[in-house]
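Work through the exercises below with the model open. Each task is followed by a stepwise solution.

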Amino acid sequence: MSLKLACLACGQGNKVPEGRLRASPKCGKCGAMLVPRAPIDVSLDVLQKAERIDDVPLIVDFWAAWCGPCRMMAPEFAKAAQALKGSARLAKLDTEAFPTAGARYGIRGIPLLIAFQGGKEIGRRTGVISASDIADWVGTSTGTTLDGHAQ
Ligand SMILES: [Zn+2]
């Protein structure tokens, strides 16, 4: 089975055979890694594309440089990205660079994590959480284990 993934760098839609998700697939257009090890900064345009077409769960950290708790959580989010590699993709959206994100996603406070899958929001949580709590929450929201197998 092939999975659709938007490149988090350029927004190009890519198809990846399910078994190759962990084999570092690259974007056919720009060559960026489709399943990065670390959270990728995305633009609002790329996020909206990925949110719509991705078959793999997408977890987005809405943050801002002025937000102390956001900076505190950043290393935890990065650790979670490694733990979840191959079963979910993690991205970051700078709410100062993309101020319209606030209304688009109904953001009341940051850091805010939203999980998307199958073209819709499947979960959100506000506030600082640890890497293992992020991984647990993603597993619960998406119904996948860390190995990427359906429960
Ligand atoms: Zn690309």
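**Exercise 1. Give the strand order of the open sheet and find its edges.**

Solution. The model is predicted.
- Step 1: trace the order. Five strands form an open sheet, arranged 3-5-4-6-7. The pairing is mixed.
- Step 2: look for strands that pair on one side only. These are strand 3 (40-41) and strand 7 (120-126), the edge strands.

**Exercise 2. In which sense do strand 4 and strand 5 pair, and over how many bridges?**

Solution. 
- Step 1: locate the strands. Strand 4 spans residues 58-63, and strand 5 spans residues 89-94.
- Step 2: read the pairing. The sense is parallel, with six bridges.
- Step 3: pick a facing pair. Val 60 stands opposite Ala 91 in strand 5.

**Exercise 3. Find the disulfide and describe its geometry and burial.**

Solution. 
- Step 1: count. The structure holds one disulfide.
- Step 2: identify the partners. Cys 67 is joined to Cys 70, S to S 2.2 Å.
- Step 3: assign the hand. The angle about the S-S bond is 80°, and the link of Cys 67 and Cys 70 is right-handed.
- Step 4: check burial. Cys 67 and Cys 70 are both buried.

**Exercise 4. Why does Cys 7 count as buried, and why does Cys 30 count as partly exposed?**

Solution. 
- Step 1: set the cut-offs. Buried means under 20% relative accessible area, and exposed means over 50%.
- Step 2: apply them. Cys 7 has 0% relative accessibility, so it counts as buried. Cys 30 has 41%, so it counts as partly exposed.

Terms used
Residues are numbered from 1 along each chain as its sequence is written. This is a predicted model: local features need pLDDT of at least 70, side-chain atom pairs count only at pLDDT 80 or more; totals for chains, interfaces and linings use all residues. Side-chain values use heavy atoms; hydrogens and water are left out. Two strands pair if DSSP finds at least two bridges between them. Helices (H or I, at least four residues) and strands (E, at least two) are DSSP runs, numbered from the N terminus. A disulfide is a pair of cysteine sulfur atoms within 2.5 Å. Buried means under 20% relative accessible area, exposed over 50%, partly exposed in between (1.4 Å probe, protein chains only).
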